[in-house]
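These are my notebook entries on one protein model. I looked up a few items at a time and wrote down what I found.

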Amino acid sequence: MPWYSRIAGWGMAVPRRVLTSRELAQQLRTTEEWILTRTGIRERRIAEPGETMSDLSVAAAREAMARAGILPQDLDLIIVATSTPDYVIPPVSSIIQHKLNARCGAFTLGAGCTGFMYGMAVAHAFIAAGLMRNILVIGAEIISRNIDWTDRNTAVLFGDGAGAMVLQASELPTGLLSFVLGSDGSGAEHLIVPGISTNAVITEETIRRKGHLLRMNGREVFKFATRVLGKVAIEAIARSGLAPDEIDLMIPHQANERIIEAACRELGFPMEKVFLNLDRYGNTSAASIPIAFAEAMEQGRIREGDNLLLIGFGAGLTWAGAVVRYGVRPEDRPIAVENWPVRLPVSLPDLNRLEPVRQAKVMALRARRQLLQTAMSLLLPFYARTRRRR
Ligand code: COA
């Protein structure tokens, strides 16, 4: 019986149109130098009129499925993370499922820029429970249509794109080894499209006041992001049972190079082990992590058996972290069902790699679980009989 969710395929798609920071500087009160030094972004992709978020998603998904060697009919579920779907109703996940000619269930998930990480965690839960085999997770945005192109605070940061992964059931210890999910709605107003809401109808006044466009408190988001990135990294690594130096590559949400550098400095995590591609795409929100993963694969930055640390943060406010193993290490063996941890999402610690005290604790936990299971199997028939008699 499979319980791990291995990364079987990955793909990405971005619009062809490149918008450089130099071009932006010609239309905004900013300079190319300012954008580069304050954010690290040189250029981003912008969807052309008529190009849809579902089209980008389908292109990325096809690439991921081809790499995984599966057909659309092999999919058990499609999860689409986005804040910028084709329509508010219907869910874009169904449009994508139809365009892919898949026959499975599909749903759209919203957790801001953290959405893809939430999608991975949900997919992992289905697979770890033994309920599904192949799940397609997509993170995609056409955020450029919600940007106020006269607001230099936001216009320089974002870009469009899509990334996808196929997570597949595996008996070997691979894929998600741990995850952490977080949310704090008290910071909701720091990153918000205030006018597209069920609290009020959209009027001409809404449009005039640019209520349909993204508003951001950059300073607050910056502070939140640097704080949460380090915290999530520590928590995700601790839950994985690995040591920090066993992380081969960090793939953070590609929001701003300065956020990532500040958090890594604080953590003592070397920047050589951090994958960055925001100079070419900017912040693509829910698409940023799967796009970065796809490019890291393409550039040979990820090898078989590598432990990756993925970290997302964004609107909500939300955050998530995961330690993910790509492929397997030579010493990895299938794990027997009774060795699974009692509480998910804490991943199975490899006993041989733990200190003696933790080894003893894990063994005690397993013994207790075994005892409970035996007691339950003995008591249940007795309980059922007495209930029937009553
Ligand atoms: N060009 C020139 N000046 C700009 C500018 C731009 N593109 N954008 C903002 N400024 C100005 C501000 O208006 C401000 O001017 P003021 O002091 O006269 O009001 C000044 O720069 C400094 O603002 P500050 O917020 O301190 O700048 P910063 O160095 O922190 O950089 C951001 C601004 C937006 C780049 C930064 O706050 C940021 O990256 N925040 C996080 C955004 C993010 O990641 N959002 C998505 C999360 S998923």
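**Entry 1: two helices**

At what angle do helix α3 (residues 53–68) and helix α4 (residues 92–100) pack? I looked this up in the model, which is predicted. The angle is about 55°, and the axes of α3 and α4 are 10 Å apart. Angles of 65 to 115 degrees would count as roughly perpendicular and those under 35 as roughly parallel, so α3 is oblique to α4. The crossing of α3 past α4 is right-handed.

I then listed who takes part in the contact. From α3 I noted M53, S54, D55, S57, V58, A61, R62 and M65, and from α4 I noted V92, I95, I96, K99 and L100. Sorted by class, the contact of α3 with α4 has eight nonpolar, two polar and three charged residues.

**Entry 2: more on α4**

Which residues of α4 are buried? I wrote down V92, S93, I95, I96, Q97 and L100. The buried residues of α4 pack against α3 and also against the strands β4 (77–81), β5 (105–109) and β6 (134–141). After α4 comes N101, and the phi of N101 is positive, near 65°.

The loop between β4 and α4 holds P90. The peptide bond from I89 to P90 is cis, with omega near 5°.

**Entry 3: the whole protein**

I stepped back for the totals. I found 12 helices and 13 strands in the protein. The protein has 390 residues, and 51% of them count as buried. Its accessible surface comes to about 18,700 Å², with 54% belonging to carbon and sulfur atoms. I also checked contacts between residues at least 6 apart in sequence: 76% of these join residues at least 24 apart.

How do helix α8 (residues 218–240) and helix α9 (residues 257–267) cross? Their axes cross at roughly 45° and come within 9 Å. This angle therefore makes α8 and α9 oblique to each other. The crossing of α8 and α9 is right-handed.

On the α8 side I listed F222, A225, T226, L229, G230, A233 and I234; they meet R258, I259, I260, A262, A263 and L267 in α9. By class, the contact of α8 with α9 has 10 nonpolar, two polar and one charged residues.

**Entry 4: backbone angles**

Most residues other than glycine have a negative phi, and most peptide bonds are trans. I looked for departures from this.

K210 is not a glycine, yet its phi is positive, about 60°. K210 sits in the loop between α7 (204–208) and β10 (215–216). Its relative accessibility is 31%, so K210 counts as partly exposed.

S285 is not a glycine either, and its phi is positive at about 55°. S285 is in the loop between α10 (278–281) and α11 (288–298). Is S285 buried or exposed? S285 has a relative accessible area of 3%, and buried means under 20%, so S285 is buried.

For peptide bonds, I noted a cis bond joining G316 and L317, with omega about 0°. L317 lies in the loop between β12 (307–314) and β13 (318–325).

**Entry 5: helix α11**

How many of the 11 residues of α11 are buried? I read off 10, so α11 is largely enclosed by the rest of the structure. The buried residues are S288, I289, P290, I291, A292, F293, A294, E295, A296 and M297. G300 follows α11 and has a positive phi near 75°.

**Entry 6: one methionine**

My last item was M117, which is in helix α5 (residues 115–128). At 4% relative accessibility, M117 counts as buried. What does M117 contact, leaving aside its neighbours within four places in sequence? I listed I289, L310, I311, G312, A320, G321 and A322. I289 is also among the buried residues of α11.

I also took a distance from M117 to A81. The two are 36 residues apart in sequence, and in space their C-alpha atoms are 8.7 Å apart.

Terms used:
Residues are numbered from 1 along each chain as its sequence is written. This is a predicted model: local features need pLDDT of at least 70, side-chain atom pairs count only at pLDDT 80 or more; totals for chains, interfaces and linings use all residues. Side-chain values use heavy atoms; hydrogens and water are left out. Helices (H or I, at least four residues) and strands (E, at least two) are DSSP runs, numbered from the N terminus. Buried means under 20% relative accessible area, exposed over 50%, partly exposed in between (1.4 Å probe, protein chains only). Contact means heavy atoms within 4.5 Å. Accessible areas come from the Shrake-Rupley method with a 1.4 Å probe; for residues, only the protein chains shown count as cover. Axes are lines fitted to C-alpha atoms, for helices over the stretch in contact, and angles run from 0 to 180 degrees between N-to-C directions. Angles under 35 degrees count as roughly parallel, over 145 as roughly antiparallel, 65 to 115 as roughly perpendicular and the rest as oblique. A crossing is left-handed if the near helix is turned anticlockwise from the far one by less than a right angle, and right-handed if clockwise. Ala, Val, Leu, Ile, Met, Phe, Trp, Tyr, Cys and Pro count as nonpolar, Asp, Glu, Lys and Arg as charged, and the others, Gly among them, as polar.
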